[in-house]
Structure formats: structure tokens, C-alpha cells
Amino acid sequence: MTAFAEWEKRLFDIANRFDGESAAQDARTGCWIYGAGGFGRLTAEALARGGYPVLGFIDRSARTSTTVGPYPCIHPDDLKPADVEGKAYVHGLMNHTFASGDVARWAATLPFARLLFPAEVAQLPNVTLENYWLAKPATFLAAIKDIE
């Protein structure tokens, strides 16, 4: 098997592993978005347009701003497990100066129903994130031979 064929197989495996309808059910319970910057706000807009309730933002700047647009903004230290229990966590960080892995590990300690990351959010039914690198897998998999 060539290196490209191996890479292609892995891409198809990853694309087929995500259960969009199950993730959508969890997101329909309400979404808390970590990161109230530009990408987090774009994600909130896309989720709301897609019919997914946005509960608010979780952001370290929340002590100076308690709302971002129409949504509440809560500092991570002020978030209680009861606030997020059974709700979806949405990773809205696209900031190279902040360690996303640390935030994801923190989120995993809370009783969220599911942790969703940008590539997964982009696959939810009725959600379109206008970022070229967040195209639905079918978009690039259909062009896989041209990419090769």
C-alpha cells in the first residue's frame, strides 16, 4: 500500500467514525462554547442558525465582560458542574497562544454530554462554518484522487 493510499484509508475511517446524528442530539440539549473570541462567536452564530441552542460562552475574560452579544459569558472558575451537566461542550478556540489541550482536558472533567471540536461541529446537520479547512469530509473525500 502506498503512503497516499494509507493516508486515504485513514481519512475515510475518520470520516466514517463520527456519528453526526448522535452528536446533533447532544448538541440540541444546549451548547456551551469555550472561547468568546472571533472563532467562538462565528461558531455560536453557525450553531444558532442550525437550530442548536447556544447557552453561552466560557472564557477567561468573563470577569470583565459578563455577556458576549446576546449570550452570557462565564469564567471557567465560576462554572459549576450543574451548569453543564448533560449539555454539549463546543471548543471555540482557534488561538495559537492558548493551549487547547489543557482546555479540552479541563472540559473532560466536567459532566458535559459530549465534547465537540471544530471539525465535528462542522459536520452537524444544518451547520455551516465558513472556514475552508472545516469543509465536511465528503467535500474533500470526493476530490481525493485530484488531491493525490
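Reader: Hi! Let's start with G50: is it buried or exposed?
Author: Hi there! In this predicted model, G50 counts as buried, because its relative accessibility is 14% and the cut-off for buried is under 20%.

Reader: Which residues is G50 in contact with, leaving aside its neighbours within four places in sequence?
Author: Those would be P125 and N126.

Reader: Okay, N126 then. Where is that one?
Author: N126 is in the loop between helix 6 (118-121) and helix 7. So the contact with G50 joins two residues that are both in loops.

Reader: Is N126 buried or exposed?
Author: N126 counts as exposed, because its relative accessibility is 63% and exposed means over 50%.

Reader: What about the phi of N126?
Author: The phi of N126 is positive, about 70°, although N126 is not a glycine.

Reader: You mentioned helix 7. Where in the chain is confidence lowest, and where is it highest?
Author: The lowest confidence is in helix 7 (residues 137-141), with a mean pLDDT of 71. Strand 1 (residues 31-34) has the highest, at 98.

Reader: And what is the mean pLDDT of the chain?
Author: The mean is 87, and 94% of the residues reach 70 or more.

Reader: Good to know. How many helices and strands are there?
Author: There are eight helices and six strands. Starting at the N terminus, their order is α-α-β-α-β-β-β-α-β-α-β-α-α-α.

Reader: Switching to F98: where does it lie?
Author: F98 lies in the loop between strand 5 (88-91) and helix 5 (100-108).

Reader: What does F98 touch, not counting residues up to four places away in sequence?
Author: F98 touches Y34, R60, L93 and V103.

Reader: How accessible is F98?
Author: F98 has a relative accessible area of 34%, so it is partly exposed.

Reader: Now D13, where is that?
Author: D13 is in helix 1 (residues 3-17). Its relative accessible area is 38%, so D13 is partly exposed as well.

Reader: How far apart are D13 and A44?
Author: They are 28 Å apart in space, C-alpha to C-alpha, and 31 residues apart in sequence.

Reader: And G50 and K80, how far apart are those?
Author: G50 and K80 are 27 Å apart, C-alpha to C-alpha, with a separation of 30 residues in sequence.

Reader: Let's zoom out. Why does the radius of gyration agree with a compact globule?
Author: Because a compact globule with 148 residues would have a radius of gyration near 15 Å, and the chain has 16 Å. Taken along the principal axes, the C-alpha atoms fill a box of roughly 55 × 30 × 25 Å.

Reader: What share of the residues is buried?
Author: Buried residues make up 41% of the 148. As for the accessible surface, the chain has about 8,300 Å², with 54% of that belonging to carbon and sulfur atoms.

Reader: One more: how far apart are the mean positions of the positive and negative charges?
Author: The mean positions are 2 Å apart, for 14 positive and 17 negative charges.

Definitions and conventions. Residues numbered from 1 in each chain as written. Predicted model: local features only at pLDDT ≥ 70, side-chain atom pairs only at ≥ 80, totals over all residues. Heavy atoms only, no water. pLDDT = per-residue confidence, 0-100. Helix = DSSP H or I, 4+ residues; strand = E, 2+ residues; numbered from the N terminus. Rg over C-alpha atoms; globule rule 2.2 N^0.38 Å. Buried < 20%, exposed > 50% of the residue type's maximum accessible area, 1.4 Å probe, protein only. Areas by Shrake-Rupley, 256 points an atom, 1.4 Å probe, with all protein chains shown as cover. Lys, Arg positive; Asp, Glu negative; His and termini not counted. Charge placed at Lys NZ, Arg CZ, Asp CG, Glu CD. Contact = heavy atoms within 4.5 Å.
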